[in-house]
Amino acid sequence: MSTPASAPSTGRPGTAARARGLTKAYGSGETTVLALDTVDVDIARERFTAVMGPSGSGKSTLMHCLAGLDSVSAGQVWLGGTEITGLRERELTRLRRDRVGFMFQSFNLIPTLNALENMTLPMDIAGQRPDRDWLEHVIDTLGLRDRLKHRPAQLSGGQQQRVACARALASKPELIFADEPTGNLDSRAGLEVLGFLREAVDQLGQTVVMVTHDPSAAATSDLVLFLGDGRIVDDMARPTADGVLERMKRFDALGAAPPGAPARSGDDAAAAEQG
Ligand SMILES: Nc1ncnc2c1ncn2[C@@H]1O[C@H](COP(=O)(O)OP(=O)(O)OP(=O)(O)O)[C@@H](O)[C@H]1O
């Protein structure tokens, strides 16, 4: 299903990422796992999109395929206006480097580099100079000023996550993919990171796609996409934590969407709620 994130009537400046018929199967024969099943999705530019769903529903796979980190079994994916399915690895690497920032659960920090060096490493590799004012702003907002010379092993898990967050934001990428960015943080640090992602969207025109299990974190977004069994089964605009929690409870009560079940829109869900 195509999500309202793409509604042309909003006048937003297009889509930052798009997929049509996106299908991803792992393995072969009897052991095949269909992680994504003909997903159509539009990630609106300058918006904050959250992706939720039960464990194994395909959230990380969707993010990896949209980011060009994983190959697809069928379908097409675009980053901005560029179709990435079929691109050669070298072109794909360059595109990712120039346009995309990543925050993963495993922070992927380089142990021999200090915090500041880790933050600027992607730009150093790309031969780009950081925007100093922006970098300073990122560092202060994430409370990393007095940790810049520390190596990852000398930082707490939360601090490492904040460095990974700063690294994703440092080059002002058009699109940031965040996989459970608050998963390893205490609630205060988690709120800070979410606030910063929100600010990046509202004030800097960046686009964020965040996978989360946390309804409160999802409530920071503009639109929540709910995945079930490799399909987008619902969505919720202007989410609240209570609203997301209710929706999730309802999915639990209904069980996972059966394969082949028609994808439901937010309106259908609202109608079902009233009826
Ligand atoms: N490399 C892989 N090889 C085989 N199966 C995989 C692989 N990666 C993911 N899968 C399977 O694909 C399905 C979707 O996995 P995915 O990690 O996208 O789910 P998820 O919704 O992100 O789960 P979680 O919330 O637990 O992180 C699962 O059934 C998973 O076991």
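How are α3 and α5 oriented to each other, roughly parallel or roughly antiparallel? In this predicted model, in which local features need pLDDT of at least 70 and side-chain atom pairs count only at pLDDT 80 or more, totals for chains, interfaces and linings use all residues. Residues are numbered from 1 along each chain as its sequence is written. α3 and α5 are roughly parallel to each other, a term for angles under 35 degrees, while over 145 counts as roughly antiparallel, 65 to 115 as roughly perpendicular and the rest as oblique.

**Overall make-up**

- The protein has nine helices and 10 strands; helices (H or I, at least four residues) and strands (E, at least two) are DSSP runs, numbered from the N terminus.
- Of the 275 residues in the protein, 42% are buried; a residue is buried if 20 or more other C-beta atoms, placed from the backbone, lie within 10 Å of its own, exposed if 12 or fewer, and partly exposed in between.
- Taking contacts between residues at least 6 apart in sequence, 71% join residues at least 24 apart; two residues are in contact if their C-beta atoms, placed from the backbone, lie within 7 Å.

**Helix α3 with helix α5**

- Two packed helices are described by the angle between their axes and the distance between the axes.
- Helix α3 (residues 115-126) crosses α5 at roughly 30 degrees, and the two axes come within 8 Å; axes are lines fitted to C-alpha atoms, for helices over the stretch in contact, and angles run from 0 to 180 degrees between N-to-C directions.
- The crossing of α3 and α5 is right-handed; a crossing is right-handed if the near helix is turned clockwise from the far one by less than a right angle, and left-handed if anticlockwise.
- On the α3 side the contact involves Ala115, Asn118, Met119, Thr120, Pro122 and Met123, and on the α5 side Val163, Ala166, Arg167 and Ala170.
- The contact of α3 with α5 has seven nonpolar, two polar and one charged residues; Ala, Val, Leu, Ile, Met, Phe, Trp, Tyr, Cys and Pro count as nonpolar, Asp, Glu, Lys and Arg as charged, and the others, Gly among them, as polar.

- Helix α4 (residues 132-141) packs on α5 at an angle of about 160 degrees, with the axes 10 Å apart.
- That angle makes α4 roughly antiparallel to α5.
- The crossing of α4 and α5 is right-handed.
- Leu135, Val138 and Ile139 of α4 meet Ala166, Leu169 and Ala170 of α5, and these residues divide into six nonpolar, no polar and no charged.
- Helix α5 (residues 157-170) packs with helix α6 (residues 187-204) at an angle of about 5 degrees, their axes lying 11 Å apart.
- α5 is thus roughly parallel to α6.
- The α5 residues Gly158, Arg162, Cys165 and Leu169 make this contact with Ala189, Val193, Phe196 and Ala200 of α6; by class there are six nonpolar, one polar and one charged.

**Phe196 in α6**

- Phe196 lies in helix α6 and is partly exposed, with 19 other C-beta atoms within 10 Å.
- Not counting residues up to four places away in sequence, Phe196 touches Thr141, Leu142 and Cys165.
- Phe196 and Leu142 are 54 residues apart in sequence, yet their C-alpha atoms are 7.9 Å apart.

**Ligand surroundings**

- The residues around the ligand are Tyr26, Gly27, Val33, Ala35, Gly53, Ser55, Gly56, Ser57, Gly58, Lys59, Ser60 and Thr61; a residue is near a molecule if its C-beta atom, placed from the backbone, lies within 6 Å of it.
- β2 (33-44) and α1 (59-66) each supply at least two residues of this shell, and α1 gives the most, with three.
- The shell has three nonpolar, eight polar and one charged residues.

**Ala25 in β1**

- Ala25 is found in strand β1 (residues 15-26) and counts as partly exposed, with 15 C-beta neighbours inside 10 Å.
- Ala25 touches Thr32, Val33, Leu34, Ala35 and Ser73, leaving aside residues up to four places away in sequence.
- Ala25 and Ala74 are 49 residues apart in sequence and 8.9 Å apart in space, C-alpha to C-alpha.

**Positive phi values**

- Most residues other than glycine have a negative phi.
- Glu46, not a glycine, has a positive phi of about 60 degrees; Glu46 sits in the loop between β2 and β3 (48-52) and is partly exposed, with 17 other C-beta atoms within 10 Å.
- Asp229, also not a glycine, has a positive phi of about 50 degrees; Asp229 is in the loop between β9 (223-228) and β10 (231-237) and is buried, with 20 other C-beta atoms within 10 Å.
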